[in-house]
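Visitor: Could you walk me through how the helices and chains of this model meet?

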Number of protein chains: 2
Amino acid sequence: MLSEDAAAEVVAVARRAREAATTMAPLPRAAKDAALLAMAAALEARCAEVLAANEADLERARAAGTSAAMLDRLTLTNERVTAMADGLREVAALPDPVGEVVRGSTLPNGLELRQVRVPLGVVGIIYEARPNVTVDAAGLCVKSGNAVLLRGSGSAASSNQALVDILADAGTAAGLPADAVQLVPGAGHESVKALMRLRGLVDVLIPRGGAGLINAVVTESQVPVIETGVGNCTVYADADADLDMALAIALNSKTHRPSVCNAAETLLVHADIAPELLPRLLPALAGAGVTVHGDAEVTAAGAGAGVDVVPATDADWGTEYLSLDLAVAVVPSLDAAVAHIRRWSSGHTEAIVTRSQPAARRFVSLVDSAAVMVNASTRFTDGHQFGFGAEIGISTQKLHARGPMGLPELTSTKYVVTGDGHVRS
Amino acid sequence: MLSEDAAAEVVAVARRAREAATTMAPLPRAAKDAALLAMAAALEARCAEVLAANEADLERARAAGTSAAMLDRLTLTNERVTAMADGLREVAALPDPVGEVVRGSTLPNGLELRQVRVPLGVVGIIYEARPNVTVDAAGLCVKSGNAVLLRGSGSAASSNQALVDILADAGTAAGLPADAVQLVPGAGHESVKALMRLRGLVDVLIPRGGAGLINAVVTESQVPVIETGVGNCTVYADADADLDMALAIALNSKTHRPSVCNAAETLLVHADIAPELLPRLLPALAGAGVTVHGDAEVTAAGAGAGVDVVPATDADWGTEYLSLDLAVAVVPSLDAAVAHIRRWSSGHTEAIVTRSQPAARRFVSLVDSAAVMVNASTRFTDGHQFGFGAEIGISTQKLHARGPMGLPELTSTKYVVTGDGHVRS
């Protein structure tokens with residue numbers, strides 16, 4: 001059961017955000033950029049406060065027996081605070097999406113029609129461990145003219161509070177409304193539940209984190225949700241693949257940074273090249289520390305190459321390992337690869353390696369994912385790599401935004417129609 | 001409780017739609033246009049079937065004591081069937097949104113990036129009475145490469161079944177997958193409930209109808225929803241309004257077609273012009289059959305002009321009358337008008353009448369609605385009026401689509417990234 005007090009507090013915070021949003025929306029770029037630069041300077045000036053708050057979080061986490069990997073994600077240092085400040089400066093340097101005329105025309109009756117980008121209003125971000133998301137998300141929302149409600153994890157509560165205090169102080173001093181950047185109060189799932197009910201007060205919720213969090217928000221929320229991040233990505237080595245390229249792309253997609261959503265989790269190899277590719281690929285993967293989960297043919301090839309392969313089950317095809325594990329299967333055709341992807345992929349990123357133009361064209365046409373790579377690593381699906389300058393997440397759904405989301409994806413539009421007394425007859 | 005059989009039937013229909021969607025997505029424009037033209041011809045050729053089925057619906061409706069207005073909405077005639085067929089031909093003549101490159105660039109590392117429009121996949125339309133929506137929605141979905149699930153009202157069940165049979169027959173004969181256009185089986189709210197659970201099978205639900213239906217879908221659905229249609233629209237006559245223009249726009253916005261969502265429901269008059277405008281406006285509205293619900297000042301002006309004014313309550317400001325009723329208030333300033341709109345409007349369309357450029361600019365900047373009119377009737381918020389050639393509805397929400405939705409709003413995008421062996425280092 002949701003405590004009524006906790007829910008009322010979340011409602012109060014959201015109402016203040018709604019008010020702040022009406023002040024934020026018409027702010028010109030110069031005002032928003034000045035606030036972002038002031039926030040960056042304040043983060044650096046008050047770094048000691050941030051680190052002290054972070055130490056409190058770390059102490060609690062250590063006492064709770066948190067894993068070293070989680071502790072590392074939670075840890076802030078001078079350098080990490082400087083990186084957050086620099087992130088705000090980079091966002092300040094990006095063009096303002098608000099006010100962009102997306103399309104426009106003069107209608108036959110002389111009415112002037114313009115579709116103009118406007119802020120969404122109140123954006124709620126629900127995220128886990130890393131405190132840097134607090135600053136990144138706040139910066140992107142301020143730049144796009146939105147008020148933001150930040151609901152971080154309990155484990156980073158002190159760090160997030162210190163960061164938001166600094167951002168809000170600096171932002172207010174620079175002319176932003178006081179409630180432009182707020183932390184959502186309350187621990188546990190309660191505050192998330194309360195947020196998810198605030199249709200009309202909150203314009204969109206963006207969950208960033210594990211599949212469990214995202215699924216819960218997506219199925220329970222009455223506020224519209226942009227689904228991000230689950231990446232069960234596939235590399236398909238086609239019959240016409242250059243073998244060296246297939247090897248390089250498979251290795252890079254899996255091992256460059258295995259813990260992120262654009263890392264590959266499955267490799268499909270066309271039967272025609274399997275006898276030549278697998279004996280090179282399996283030792284290379286093993287050498288990079290990758291555990292291969294293979295179908296019968298891959299397992300046999302592993303035995304031939306002296307590489308241990310774990311027999312794959314259906315669960316492997318559907319798993320986002322986020323680790324140095326890779327599911328590998330041999331497929332009889334490009335269409336079989338597409339069918340496998342349709343069944344198992346999360347629709348994030350799939351790659352084909354091929355020298356065949358018809359094969360590339362067919363794969364691109366039939367694969368329904370946010371990003372489809374031809375002869376490139378899945379790791380390129382990223383707002384910075386795509387040249388967007390910033391990223392609030394990677395959408396794996398089809399409405400509003402799909403793929404890496406930059407500043408324009410944090411906006412809506414409105415139609416402005418200008419006449420000189422036009423009426424309909 | 002939802003009957004399990006009914007739910008299973010809806011799931012089966014949705015699965016078939018999902019399959020059909022994968023065939024629809026890569027279809028070139030010529031194939032889709034040929035199917036639309038074949039559907040149009042079939043509707044005309046089999047018009048007698050449609051009219052016979054419609055007569056069955058009408059008989060049931062008459063027996064149930066349905067109102068004349070509802071009977072009229074339900075009634076099909078030769079002319080109305082021809083109009084539906086012509087609608088399909090118009091959609092065939094529109095450009096194909098699928099395949100449009102929304103943006104593209106060559107990244108510094110040589111990767112070629114393209115963001116390309118693709119169909120959403122499976123679109124569910126939930127609608128009331130009018131059988132023409134069946135044909136309109138099917139046409140727009142086919143053109144945009146989507147499979148469509150049509151869930152019409154029970155009162156039009158026979159008409160809708162006949163229409164879908166004809167569309168599906170003709171579409172299939174012209175090469176579309178057999179399940180591109182399907183009716184959702186089951187009566188009452190059960191089939192809607194079942195649809196709303198099919199996240200992953202259905203990509204979007206678009207409810208079209210009254211506020212009750214839309215609210216139910218918006219709050220209960222696990223499938224993403226595009227909210228359409230509720231229009232509590234406002235005309236604001238500014239201090240600097242041309243009085244003749246204010247009169248003409250107020251009358252046109254209210255009376256041109258009072259039953260639709262872009263009709264005005266509220267008129268706000270700046271206090272400076274109220275003494276001159278109201279004595280002309282109130283008799284003109286009365287002469288057009290409009291019942292005015294006014295604040296104290298408007299009621300007094302009515303008494304002075306010999307026009308009965310119903311004293312307005314807060315409920316009036318929040319009501320979408322959809323009838324010849326209009327709530328009228330005097331406001332002390334443009335900002336007071338904006339505050340009224342923020343509190344009461346549904347965010348569909350608001351209009352300002354003014355000769356002042358600063359006033360127009362301020363109103364456009366501060367009013368957060370899907371469409372903002374300057375010196376034009378609210379009635380222009382319409383896909384056909386905007387030159388989109390077709391309209392699936394008018395979105396009053398901010399995600400994905402806002403305002404009149406044409407063919408592009410029935411699409412998503414995917415990123416296609418082409419390299420020559422690019423890996424991340």
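Guide: We begin with the terms: helices (H or I, at least four residues) and strands (E, at least two) are DSSP runs, numbered from the N terminus. Axes are lines fitted to C-alpha atoms, for helices over the stretch in contact, and angles run from 0 to 180 degrees between N-to-C directions. This is a predicted model, in which local features need pLDDT of at least 70 and side-chain atom pairs count only at pLDDT 80 or more, while totals for chains, interfaces and linings use all residues. Residues are numbered from 1 along each chain as its sequence is written, and chains are lettered from A and ligands numbered from 1 in the order in which they are written.

Visitor: Are α6(B) and α7(B) roughly parallel or roughly antiparallel?
Guide: Helix α6 (residues 132-143) of chain B packs against helix α7 (residues 157-173) of chain B with the axes 10 Å apart and at an angle of about 30°. Angles under 35 degrees count as roughly parallel, over 145 as roughly antiparallel, 65 to 115 as roughly perpendicular and the rest as oblique. The angle therefore makes α6(B) and α7(B) roughly parallel.

Visitor: How many residues of the contact of α6(B) with α7(B) are nonpolar?
Guide: Two residues are in contact if their C-beta atoms, placed from the backbone, lie within 7 Å. On the α6(B) side, Thr134(B), Val135(B), Ala138(B) and Val142(B) meet residues of α7(B), among them Leu163(B) and Gly171(B). Ala, Val, Leu, Ile, Met, Phe, Trp, Tyr, Cys and Pro count as nonpolar, Asp, Glu, Lys and Arg as charged, and the others, Gly among them, as polar. By these classes the contact has no charged residues, three polar and six nonpolar.

Visitor: How do α2(A) and α6(A) run relative to one another, roughly parallel or roughly antiparallel?
Guide: Helix α2 (residues 29-45) of chain A and helix α6 (residues 132-143) of chain A have axes 9 Å apart and pack at an angle of about 160°. That angle is why α2(A) and α6(A) are roughly antiparallel.

Visitor: Which element gives the largest share of the side of chain B that touches chain A?
Guide: The contact takes 58 residues from chain A and 57 residues from chain B. At least two residues of the chain B side come from each of α10 (243-255), α15 (357-366), β13 (371-376) and β16 (411-422) of chain B. The largest share, 11 residues, belongs to β16(B).

Visitor: In β13(B), which residue is the bridge partner of His422(A)?
Guide: Two strands pair if DSSP finds at least two bridges between them. Strand β16 (residues 411-422) of chain A runs parallel to β13(B), joined by five bridges. In β13(B), His422(A) has as its bridge partner Ala376(B).
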